[in-house]
Amino acid sequence: MNAQQFKQEVAPLRENLLHVARKMLENANDAEDLVQEVFLKLWYLRDTLYRYDSIPAFAVAMIKNLCIDRLRIRGREVTSDQDNDSGTAPDNPYLRLERLDTEQLLKKIIGSLPPLQKAIITMKDIDEYEVEEIAEITGTQPEAVRVNLSRARKKVREEYIRLSK
């Protein structure tokens with residue numbers, strides 16, 4: 001499928017996908033982000049879209065799955081925050097500062113990785129993509145994704161230990 005065909009067949013789905021995402025997430029910004037993510041995935045899959053009986057149905061299924069994933073992540077974040085604060089005072093500034101410092105340090109370390117490793121570790125550990133999805137998006141083999149992910153995690157671990165001493 002070339003760019004012109006993609007525009008004709010996939011671009012008109014935008015409003016419908018946005019409507020579905022807004023209904024599920026109740027957040028316009030998150031909905032917009034996920035619609036863009038679906039379009040990006042569809043673009044990478046454009047040469048294999050002919051396999052599907054209905055591209056609109058496939059796109060709606062993708063947006064629903066991404067919305068469910070986003071809602072699960074939100075649920076985990078709320079639960080995680082509650083778990084972290086359960087044994088201490090509810091507004092412990094020391095723990096909050098320590099968490100913030102750790103997050104900033106990890107972001108800095110991940111930002112210093114080579115571009116492919118940075119993209120892979122972000123997609124796998126933050127965005128929770130599957131290895132096969134990452135391979136499709138990056139245009140690499142699943143084995144190469146696993147190797148790069150392992151190397152990236154090792155580098156992050158080593159740098160974190162070195163910098164946090």
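Q: Which residues does Leu 17 touch, not counting residues up to four places away in sequence?

A: A contact means heavy atoms within 4.5 Å. With residues up to four places away in sequence not counted, Leu 17 touches Val 35, Val 38, Phe 39, Ala 59, Val 60 and Ile 63. This is a predicted model, in which local features need pLDDT of at least 70 and side-chain atom pairs count only at pLDDT 80 or more, while totals for chains, interfaces and linings use all residues. Residues are numbered from 1 along each chain as its sequence is written, and side-chain values use heavy atoms, with hydrogens and water left out.

Q: Why does Phe 39 count as buried?

A: Phe 39 counts as buried because its relative accessibility is 14%, the term meaning under 20% relative accessible area (1.4 Å probe, protein chains only). Phe 39 lies in helix H3, residues 28–44, where helices are DSSP runs of H or I with at least four residues, numbered from the N terminus.

Q: How many residues does the largest nonpolar core have?

A: In soluble globular proteins, nonpolar side chains tend to be buried together. A nonpolar core is a set of buried Ala, Val, Leu, Ile, Met, Phe, Trp, Tyr and Cys residues joined through side-chain atoms within 4.5 Å. Here the largest has 24 residues, and Leu 17 and Val 35 are among those with the most contacts inside it. Helices H2 (14–25), H3 and H4 (55–85) each supply at least two residues of this core, and H4 gives the most, with eight residues. A second, separate core of 16 residues includes Ile 110, Ile 121, Leu 149 and Ala 152.

Conventions:
Buried means under 20% relative accessible area, exposed over 50%, partly exposed in between (1.4 Å probe, protein chains only).
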